[in-house]
Amino acid sequence: MILTLVLVALTSLLFTLRGGRSLPAPAEEPPERVALEVDSAVACDLLAAVLESGASVPRALAALGEAIAGESGVHLATAARMLRLGGSWAEACREIGAPAYLEPLRLAWTEGIAPGPLLQAAATQIRFQRTAAAREAAERLAVRLVLPLGLCLLPAFILMGLVPVVIATGGQFLGG
């Protein structure tokens, strides 16, 4: 017990002697929220999770709007409020545009279809399209690199690999 008190006293003494600083005071106002550019596939996953937890479609839109902030977040929050107040889907979502998660939510709101599997399918489709586009771009890059690599490597191979062999063999035949 005494040893613990001595260690605590020594630690605090060393801390004050080394110029220890106290923790900064908490900010009085929360920092301004930064608008995020949310990936459509991630937005579909987030909405599916929120809806699976039992939230309504307007609440899910509002939660996504709060998460992404910025102008698109304001549009989502406005659409959620309009839906809660009885506005039509087209009226509420006019300003949002056409993100991939909107169609499954529209079907859930207007037709009563469960949006979870539709949102997961939309996220899978988005990821598949991105993967296909990335593979296509990689294949195009491989084709475009053949000519420069050939123009650089072929002369180097000839100069470094074939010319010494020809010189050595030719010297033996001619000199010998």
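Which helices are included in what covers the buried residues of H3? The close-up views below, all taken from a predicted model, begin with that helix.

**View 1. Helix H3 and its covering.** What covers the buried residues of H3 includes H2, H4, H5 and H6. The helix has twelve residues, and from its first C-alpha to its last it reaches 17 Å, which is close to the 16 Å expected at 1.5 Å a residue. Its buried residues are Val57, Pro58, Ala60, Leu61, Ala62, Leu64, Gly65 and Ile68. H3 is followed by Ala69, a residue whose phi is positive, near 55°.

View 2. With 15 residues, H4 reaches 21 Å from its first C-alpha to its last, close to the 21 Å expected at 1.5 Å a residue. The buried residues of this helix are Gly73, Leu76, Ala77, Ala79, Ala80 and Leu83. Seen down the axis of H4, these buried residues fall within an arc of 160°, so they line one face of the helix. On the face of H4 turned away from its buried side are the exposed residues Glu71 and Val74, whereas the covering of the buried residues includes H3, H5 and H6. Just after H4 comes Gly86, which takes a positive phi of about 100°.

**View 3. The largest nonpolar core.** This core has 28 residues, and of these Trp89, Tyr101, Leu105 and Leu119 touch the most other members. At least two residues of the core are supplied by each of helix H2 (40–52), helix H3 (57–68), helix H4 (70–84), helix H5 (89–92), helix H6 (102–111) and helix H7 (115–175). If residues up to four places away in sequence are not counted, Leu119 touches Cys44, Leu47, Ala48, Leu51, Tyr101, Pro104 and Leu105.

**View 4. Leu118 in helix H7.** Leu118 has its place in helix H7. Leaving aside its neighbours within four places in sequence, Leu118 is in contact with Pro104, Leu107 and Ile113. Although Leu118 and Ala48 are 70 residues apart along the chain, their C-alpha atoms are separated by 8.8 Å.

How values were computed
Residues numbered from 1 in each chain as written. Predicted model: local features only at pLDDT ≥ 70, side-chain atom pairs only at ≥ 80, totals over all residues. Heavy atoms only, no water. Core = buried A, V, L, I, M, F, W, Y, C linked by side-chain atoms within 4.5 Å. Buried < 20%, exposed > 50% of the residue type's maximum accessible area, 1.4 Å probe, protein only. Helix = DSSP H or I, 4+ residues; strand = E, 2+ residues; numbered from the N terminus. Contact = heavy atoms within 4.5 Å. Expected span 1.5 Å × (residues − 1). Arc of directions from axis to C-beta.
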